[in-house]
Amino acid sequence: MKKLLPKRDAISVSILQAIICKREDIRPSPKEAAELAVEHTDCLLEELDKKSREKVSYLEDWNRRGLQQ
């Protein structure tokens with residue numbers, strides 16, 4: 001059975017592939033491409049985490065309003 005990559009690693013691999021495909025535009029070294037992929041991954045995961053917290057806080061606020069009425 002194949003072992004799955006952790007979420008962060010899987011996203012980084014996809015972003016790295018995109019960076020390599022666009023090599024004619026930005027031409028990073030392999031190390032620069034890897035660093036860019038990880039940087040973009042961390043930023044994406046941070047934004048997704050913010051969005052999921054916003055949804056939860058919205059539901060908590062809605063539940064509080066419902067209890068107060």
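Is Glu 35 buried, partly exposed or exposed? Glu 35 is partly exposed, with a relative accessible area of 43%. On this scale, buried means under 20% relative accessible area, exposed means over 50%, and partly exposed falls in between (1.4 Å probe, protein chains only).

Good morning. Some ground rules before the tour. This is a predicted model, where local features need pLDDT of at least 70 and side-chain atom pairs count only at pLDDT 80 or more, while totals for chains, interfaces and linings use all residues. Residues are numbered from 1 along each chain as its sequence is written, and side-chain values use heavy atoms, with hydrogens and water left out.

Now, confidence. pLDDT is the predictor's confidence in each residue, from 0 to 100. The protein chain averages 80. Of its residues, 72% score at least 70. Helix H1 (residues 7-21) has the highest confidence, at a mean of 91. Helix H2 (residues 23-26) has the lowest, at 70. Helices here are DSSP runs (H or I, at least four residues), numbered from the N terminus.

Back to Glu 35. Glu 35 sits in helix H3. Leu 16 is 19 residues away from Glu 35 in sequence. In space, the two are 9.1 Å apart, C-alpha to C-alpha.

Next, charge pairs. Side chains of opposite charge can pair when their charged atoms come close. A salt bridge here is a side-chain nitrogen of Lys or Arg within 4 Å of a carboxyl oxygen of Asp or Glu. How many does a search of the whole structure find? Three.

Start with Glu 35 again. Glu 35 forms a salt bridge with Lys 31, and their closest N and O atoms are 3.2 Å apart. Both lie in helix H3, four residues apart, about one turn of the helix. Lys 31 counts as exposed, at 60% relative accessibility.

Further along, Lys 50 pairs with Glu 47 in a salt bridge, again with the closest N and O atoms 3.2 Å apart. These two also lie in helix H3, three residues apart, about one turn. Lys 50 is partly exposed, at 34%. Glu 47 is partly exposed too, at 34%.

One more. Arg 8 and Asp 42 meet in a salt bridge through their side chains, at 2.7 Å, N to O. Arg 8 lies in helix H1 and Asp 42 in helix H3 (residues 30-68), so the pair ties together parts that are 34 residues apart in sequence. Arg 8 is partly exposed, at 38%. Asp 42 is partly exposed as well, at 34%.

That's the tour. Thank you.
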